[in-house]
Amino acid sequence: MCTANDGSPVRLKRRPIAESVANLDRLMDLDKGRMSRDLFWDRDIYEQELERIFARCWLFVGHESQIPKAGDYVSTYMGEDNVLIVRQKDGSIKGFLNTCPHRGNKVCFADLGNARQFVCNYHGWAFGIDGGLKGMHASEAYEETGMDKAEHGLHPVAHIDSYRGLIFATLDPQAPTLAEYLGDMRHYLDAIFDMDEGGTEFVGGCVKSVIQCNWKYASENFVGDILHAGWTHDSGAKAMVGGSVAEVHKFPDQSYQVNFNGHGWEFNQDIVGNCATLGEKDLLKYLYVLQPKVAERHDDFRSRMIGAISSCTLFPNTSFLPGQNTFRTWHPRGPGQIELHTWTFVNKNAPQEIKDKWRKGTMMTFSPSGVFEMDDGENWEYSTRSNAGYVTRQQDLYLGLGQNSKLDTDLPGNVYRGQINEANQRAFYQRWLDLMKSESWKKVPQRDIPKMKEAL
Amino acid sequence: MSEPVFVMKKNELEAGKVRKFDLCGNAIAVYNLNGTFYATQDNCTHATASLSEGDIVDDECIACPVHDGTFHIPTGQPMSFPCEHAIRTYKVIDQGDAVMVDFDQEADEAADAI
């Protein structure tokens, strides 16, 4: 939609790539399903992730519905970098580091709002919504002694773009386009974010919480781990929504894992399985009525994904659940902590009472007070914390479920038989390793060959 | 008393908008507040800024585009931090479909306020 910062003076410096942590290949042998626990504990690996994953990849930074009008902004994170995402007067979107280029103070303290300008509390440096420095306190002193304001605007992100209402940005000028980065995952994203002609919107605010776990435990869970649900969430499901989690491992021919460039989606074809856990019959009716129309808009296969038992992670740290309609980013805060930001997404054209029920549903299931979030959080915290043990962390972990289950199919992406699988998790970590080993985007191996055309 | 100077036709500035004019050596900001026209100096009295690049807020105030301080348009009085000194106003003379400004007189509202 918009690569907003082209044509502006270069205002985003990047130091040359640092020396890599030695012998990264020792960290995993994915063909055997083996991986090291250092990924979840080592501080040097974490620092390298900030450089080669978070300061390089396209990261989710907001939904277009959050910033409809000129001057509307959200404050969010790219890794540990705080950024402002701002709607411009011409309708385009720009992103900036939330820091004053004068003495470094944060220029905006709100999570979201509408601004005519961002004024630093420290010395009154004032920036337009386009990031340009417009003036400051005691501006005459600067004018008398010479200063080119054009050289001192807010630091822009390298590129910003959006797909089906989801806004992404990258801090790496060398990054591929968003379309290339998402690749064949766009085919499946359309089932959810282009379910009908109105597209989606976020409703309510952002719910935040802190979990003492490594960010990758959360990402790998949503990229492909439905396996845990039948065990971890069984008692919660029985207590809260009146039934067991479906025994999806018994029907491997009716479910799939799909991945591309480290993004992954596990799903079956039951149309409403995830949604059913919210215990709201009206939501099921809404999806059943919509399904044939989605089949017409896209195809029958994708129409059966609209609320099915499923989960998806967009590499590296953004995930969502169709049917339960929670959308979330796992912001890293050191190797042992995440700040989780979650929203509820709905079809813009859905009736208000349907939107309200989804909001209530996400609060009951996937929020700090939601039963499933609690279940997951505790597992991830102890999966992380056990590695404090010096000898414990020298023991390998296993990620070998579903070897040799790749399907030969015309469907876009790499498609695997059975959603009870760890193929997506292995693809996620392969992408992680590729990025961690590569000194630049040009050196990142392109393992996955797109079937979709690049153009949006 | 000097002659009023022609600024523009009324239909050249829609309601809720502000526009800058350079006339007779003065940079002025002309405002259309719901069909009533006002004129003030264009420079902010706090920092270097052109008020006509700001937004009209709270129906009859101009928000400076740099620090977001505000002035009351009809009287020129400062309304919010960091603006502390009033801006000069100019009397707008209504002549049919034309907006005329008298550079020697304050707006009536400003004169009343002082």
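Q: How does the reach of helix H13 (residues 423-437) of chain A, from its first C-alpha to its last, compare with the span expected at 1.5 Å a residue?

A: This is a predicted model, in which local features need pLDDT of at least 70, side-chain atom pairs count only at pLDDT 80 or more, and totals for chains, interfaces and linings use all residues. Residues are numbered from 1 along each chain as its sequence is written, with chains lettered from A and ligands numbered from 1 in the order in which they are written. H13 of chain A has 15 residues and reaches 21 Å, close to the 21 Å expected. The expected span is 1.5 Å times one less than the number of residues. Helices (H or I, at least four residues) and strands (E, at least two) are DSSP runs, numbered from the N terminus.

Q: Which residues of H13(A) are called buried?

A: Among them are Ala423(A), Phe428(A), Trp432(A) and Leu435(A). Arg426(A) and Arg431(A) are also in the buried set. The term needs 20 or more other C-beta atoms within 10 Å of the residue's own; 12 or fewer is exposed, in between is partly exposed, and C-beta atoms are placed from the backbone.

Q: Why is Asn261(A) called buried?

A: Asn261(A) has 26 other C-beta atoms within 10 Å, so it counts as buried. Asn261(A) is found in the loop between strand S14 (255-260) and strand S15 (263-268) of chain A. Its phi is positive, about 50°, although it is not a glycine.

Q: What makes Asn404(A) buried or exposed?

A: Asn404(A) has 7 other C-beta atoms within 10 Å, so it counts as exposed. Asn404(A) has a positive phi of about 60° and is not a glycine. Its loop runs between strand S20 (397-398) and strand S21 (414-417) of chain A.

Q: How does the radius of gyration of chain A compare with that of a compact globule?

A: Chain A has 22 Å; a compact globule of 456 residues would be near 23 Å, so the two agree. The radius is taken over C-alpha atoms, and the globule rule is 2.2 Å times the number of residues to the power 0.38. The C-alpha trace of chain A spans about 75 × 55 × 40 Å along its principal axes. Of its 456 residues, 49% count as buried.

Q: Where do the domain bounds of chain A fall?

A: Domain 1 is 58-171 and domain 2 is 185-443. These bounds come from an automatic or database domain assignment. The C-alpha centres of the two domains lie 31 Å apart. Their contact takes 12 residues from domain 1 and 15 residues from domain 2. Contact means C-beta atoms, placed from the backbone, within 7 Å.

Q: What makes a set of residues a nonpolar core?

A: The members are buried Ala, Val, Leu, Ile, Met, Phe, Trp, Tyr and Cys residues joined through C-beta atoms within 7 Å. The largest such core has 141 residues. Val61(A) is one of those with the most contacts inside it. Leaving aside neighbours within four places in sequence, Val61(A) is in contact with residues including Met78(A), Val83(A), Ile85(A) and Phe168(A).

Q: What makes the peptide bond from Phe315(A) to Pro316(A) cis?

A: Its omega is near 0°. Pro316(A) lies in the loop between strand S16 (310-314) and strand S17 (318-321) of chain A. In chain B, the bond from Phe81(B) to Pro82(B) is cis, with omega near 0°.

Q: How many residues of chain A are in contact with chain B?

A: 11 residues of chain A are in contact with 9 residues of chain B.

Definitions and conventions
Contact = placed C-beta atoms within 7 Å.
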